[in-house]
Structure formats: structure tokens, C-alpha cells
Amino acid sequence: MNGNLWFPEPIHWTAPRTLVALVVLAALALLPAITGMLGSDYYVSFGTRVLIYALAAVGLNFILGFGGMVSLGHAMYVMLGAYAVAIPASHGVTSGWTHLAIAAATAAVLAAGVGAVALRTSGIAFIMITLAFAQMLYFGAVGLKDYGGDDGLTVAERSVAGLYDLSNPTTLYYVALVTLVLTLYLSWRTVLSPFGLVLRATKANARRATALGHPVFRYQLTAYVVSAVICAVAGVLLANLTKFASPSYGAWTLSGELIVIVILGGIGTVFGPVVGAIILLALEELLPSLVEIAMPDYKANWMLLLGLFIFVVALALKRGVFGSLRAGRGDSR
Amino acid sequence: MTSQLLFSQLLNGVQLGVLLFLLAAGLTLVFGIMSFVNLAHGSLYMLGAYFGAAVFARTDSFLLGLLAAVVGAGVVGLMLDRFALTKLYERDHLDQVLATFGLILFFNELIRILWGPSSVFMQVPAALADTVSIGGITYPAYRLAIIAAGIAVAAGLYLLIQKTRVGMLIRAGATNSNMVAALGVNIKWLNTLVFALGAALAGLAGVMAGPIVSVQPGMGEPVLILTLVVIIIGGLGSIRGAFYAALIVGVVDTLGRAFMPTVMRTLFERNTADAAGPALASMLIYLFMAVVLALKPQGLFPANAGATR
């Protein structure tokens, strides 16, 4: 927009948001090296999970934060991506590119169909319809008796993608990180592109956007499909991380968690979902141990606190952790 | 034989539909009048079942259990409305979804702490433990009682909403709550009343379902999602729509589960049918909902949509 080839908006290097984003990215880039020194593999796999959730949340934020479409069913695309690894793998197809292509294609087709129906409504009805479609797919996956049904399907071999073999945890971590950073960059550019402007206009006032002559439905549907594909890619990575795909990846609670991540980080900010994912997953990791120290009898019930935390976030944290930071002039990052 | 099976499955469907209506009525009213999405409605259903089961087990009186469930869930609803949710009513739907999602986790864990993680057994009340024979089939008296009770409540709700002053205010509130407030009606009080009423109905559904489903933490969520489907198909904010849609969803879901595998077997070879039948049966109501929405985005019986959009 300002004619700069790489950055769609001028960067305020000293603004808190820029600094936080850079620090977080640097920490993520160095994480395997740091934990390597500690000699523990666990944190690399935890870090990969954070990256994958962040990726899915970035996908969701694309329509939630910028398009104002509250989808409570995005876990279905994550599940779809996971099955796009597991099912071909069970037939001996281990090529990561094939998995990716299947995931992206099926997610795009499904999202085009679901979106076309769901976008006929808006507001509460849209929330519930996306939820219902996700449930439909969930039960569909439960019904896949040949592929494990309710129990899920173990992935014997992780995807092999061209030069990279995802069976190495560190490689998988960096593939996830690179995917996330690329997606963040693309999302940043898209949000500030003419397409993104119209999308944000539909959020602000769909009727006015229509009156200005923009085909709102087409913009919304495109955004919905893009966001679904991003979530499916996250699903591909998730199946590679856990070596497992199951209907539980499409459970509506995961869709809820993705929304929590987006809000927690800062809705409508490009980088917010990353911060949200780090906070939520760290919390889910720490709460059980904290509860165990404070009240050993109730260790299993740490979800009670998580529930309260989410409730408070919804009430008090309107702009999210990252969103509350000053951004410099533009506030889209 | 088949027609008898069909008839008894049809009754099962109606029974499910009636329970769904009790949940949907509260949810759709709360939505219609406050424009509030309450995902924690299923938790009130769960609380009702637990309150009922606990009191029934202590006192051996199902009626007391019923009372405890209705009053207990109603009181919890009242407290939620007064202390927790007031600030959310003016927020957008996203915050409401998020906050009530948090409440679901909270209530599920609370139940786990109080009653343990495994399911609680609840007996069918002794007076209704037998079967009755109607139209040549034998049918559990308890399920029949659920149908009767549900229809009675539906009739009561109809009278309340169509024939009383409070009902008139509720209808007016659903059409335009700002205008009702401007005319000097205490809309907050009305909101609280509607919320508590919806909660009590959810509690009633929970305790009635107690003996025929398993009473366990998280039992509210599957029912909640079915209820959401019901109020979408029926048209958001419409009680009448909720009633018909609940019956449709109940019957379609039950018949689908009962007969879909058999129907599939006549169309496809056995293996395919056995694999796809149950899955398709669980997906049936969602497909139905998609078709309804594709044809009528406002639902089958849209309420006066002017105020809610």
C-alpha cells in the first residue's frame, strides 16, 4: 500500500506489539536449541503443538477477527487434515505433499459447500450452523469403521515431504514454525490488501458493503474457504505430531478452544493467535501441576479453573493480551 | 411386527422430541428476548438430572426429586442471570459463546468434584416402572409419562405466553425489548424471569431424562447441540417453531437410528450398509437442518425477526 515490496504497512520497530512479536518469534525459533541443551525432547513436542494450535487459530482468526464470522466448527477442518494423513498412510501413501494436497483439496471443497449454506445466515444462526456441520462430520468420522471409527487411527509412518523427513521431531517443529510464519505473513498481507479491506468492511457493516457494490457473499465464502484450508494444514501437522487421527480432533470443544485462543491473544490482530496459543497451552500444561501443589486431592479437576479463566477472559479481556499492546499507527498487526 | 416396531420407535422419537422441546423452549426464549446465546443451557439440564437423582435417592420420592431438579436448576439459572451473565447481555455473541463455553467446563468439573466422574444411577419411579399396552404394543409407562408431562408443559407454556400479562410482556420483549423498557416495564426483571423459567424447564428435562439416559458429567453437551439444531430449524426465538422442530428432530433422529441400517441394507451390499448406516443415521438431522436452511434461512417458523437482527 505504501509501495513497499515486502511490507504492506510501515513497521514501527519500537511499538510494543512489534517488539513482542519479534521476541516471541525469536524465542520460538530458538526453542529446540535451548531445550536441546537441557536434553529434553518433551518441550519440542509441546512447542510443536503450540505452533499447530497457533496455525489453526490464525486460520480461524482470518474469518473471526477480520470477517466477523463466528465459526464454532473449525475443528472439523483440523480433523479433516489429520485424516488426510492417516487414511492415505494406512494405504501406504506416505508422501507429505500428497497428504497436504488431499487435505487442502477436501477442506476447500467441504468449506465451499458448508460455507455456501452457513453464510445464508448470520449472527447466532451462523454460530450454530457451523457447530452443527462440525458435529455432522464428527459423527461421520465415528462411523468410519474401516479406519478405526471412534477409536481413531494410528499413523504408522509420519509424512515424508520432499527433502524433509517429518519423523525427526526437530524437523517437524521447524516445518510447523515455517508454515506458521508464512501463514502469518500471507495473512498480514491479505488483511491489508484490497480483498482484506472489503472483508473487514463486511465485518463492520455488511449491508453498507453490499450497498457499495461489493459481492459480500463471495468475499465471505472465499475467506471461509481460505481459513478452512489453513486449519486443514494444521491438521496435517497435528497428525504427524501425534501419529494419530481421531474423531476427537473434530470435537466441538476444540472449536471452542480455538476461539478462546483467538480472543485471548487479541481478535483481529494478525499475530494475536500465536500469543493466545502460547498462553492457553501453557496454562493447560501448568494448571494441573499448580493444582496438585495447592490441593493434591483435586488434581484431576483443574479444568474447573480453566473454565473460570475462560469466563473471565470473555468478560474482561475485550482486546486480548496481544491486542491490548500499542501497535504504533496502524492497529492491524 | 414391523409396524409395531415402527410405532414404538415413533413414540420413542416423540419422547425425545418432548425433552428437546423443554430445553429448546428456554433457550429460544432467552435468545428471542435477550439476544443471548447460552451454551451452558445443557449444564442446567445436567444439574437438573443430578439434583433429581440425589434427592430421589435420599428420599425415595420421585416427585421430590422432580421438585428439587426444577427448583434447583431454576435457582442456579437465577443466580447465573443475576451475578454472572448480566454484563454479557449487551456484548456481542462471540463473548457470550466464549463465556458460556467456560461455564460448561466449570459445571462439568464441579459435578465431577461433587459426585465423582462415573455415572450416577437413577431408577425409574416405582409407580411407572411397568409397561402399558397401547394399540397392540407394549410400551414403558415411564416414557409415556414423559410424553404426557412434556405435552402438558407445552400447553402450559402456550397458555402462559398467549393468555397472561407476563406472557404478553415476554412476547413484546421478544419483538422489541427497548420499546418495552421505554414503556415502563422492568425489562431486567422480565429477563431474569425468562432465564429462570428456561433454566427450570432444562432442569425438568434433565430429571425426566435421568432414568433413561446415563447421568454423568458432560451429559448436557450432546443434548445441547441437538437443542441448537432444534431452535435453528424452528426459527430462532419462536416457541411454536421450537415445539414442531423438536418433534421433527426427535422423530427423525430416532427413526433414522432405528431403521437407517436396515434401509441401507436393501439399497447397498451388506458391508457398505453396515459401515455407513449408523454414521448416516447420526448425520441425518444435520443434513435435514442443512436442507431446511438452504431453503429457508430463517427456519421453518420464523419469529418476528425484526427485533433480533
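Predicted model: local features only at pLDDT ≥ 70, side-chain atom pairs only at ≥ 80, totals over all residues.
Good morning. I begin with the contact between the two chains, to which chain B brings 36 residues and chain A brings 38 residues. On the side of chain B that touches chain A, the elements giving two or more residues are α4 (93-115), α9 (220-234) and α11 (270-295) of chain B. Of these, α4(B) contributes the most, with 15 residues.

Let me now turn to chain B as a whole. It contains 11 helices and two strands. Along the sequence, the order of elements in chain B reads α-α-α-α-β-β-α-α-α-α-α-α-α. The radius of gyration of chain B is 20 Å, close to the 19 Å that the globule rule gives for 309 residues, so chain B is as compact as a globular protein of that length. Taken along the principal axes, the C-alpha atoms of chain B fill a box of roughly 65 × 50 × 35 Å. As to burial, 53% of the 309 residues of chain B count as buried. If we consider the contacts in chain B with a separation of 6 or more, 78% of them join residues 24 or more positions apart.

Is B:G26 buried or exposed? It has 32 C-beta neighbours inside 10 Å, and the threshold for burial is 20 or more, so B:G26 counts as buried. The C-alpha atom of B:G26 is separated by 3.6 Å from that of B:G198, although the two residues are 172 residues apart along the chain. Setting aside neighbours within four places in sequence, the contacts of B:G26 are with B:H41, B:L197, B:G198, B:A199, B:L201 and B:A202.

I move next to a helix pair in chain A. Two packed helices are described by the angle between their axes and the distance between the axes. In chain A, helix α3 (residues 75-90) packs against helix α5 (residues 123-142) at an angle of about 30°, and their axes are 9 Å apart. Angles under 35 degrees count as roughly parallel, and α3(A) and α5(A) are therefore roughly parallel to each other. Their crossing, that of α3(A) and α5(A), is left-handed. Which residues meet here? From α3(A) come A:A75, A:M76, A:M79 and A:Y83, and from α5(A) come A:F133, A:A134, A:L137, A:Y138 and A:A141. The residues of this contact between α3(A) and α5(A) comprise nine nonpolar, no polar and no charged.

Most residues other than glycine have a negative phi. A:K243, a residue other than glycine, has a positive phi near 55°. A:K243 lies in the loop between α8 (216-242) and β4 (244-245) of chain A. With 16 other C-beta atoms within 10 Å, A:K243 is partly exposed. In chain B, B:D60 likewise is not a glycine and has a positive phi of about 65°. Where does B:D60 lie? B:D60 is placed in the loop between α2 (41-59) and α3 (62-85) of chain B. Residues with 12 or fewer other C-beta atoms within 10 Å count as exposed, and B:D60, with 12, is therefore exposed. Thank you for your attention.

Technical notes: Residues numbered from 1 in each chain as written. Chains lettered and ligands numbered in written order. Axes fitted to C-alpha atoms, helices over the stretch in contact; angles between N-to-C directions. Helix = DSSP H or I, 4+ residues; strand = E, 2+ residues; numbered from the N terminus. Parallel < 35°, antiparallel > 145°, perpendicular 65-115°, else oblique. Left-handed = near helix turned anticlockwise from the far one by under 90°. Contact = placed C-beta atoms within 7 Å. Nonpolar A, V, L, I, M, F, W, Y, C, P; charged D, E, K, R; others polar. Rg over C-alpha atoms; globule rule 2.2 N^0.38 Å.
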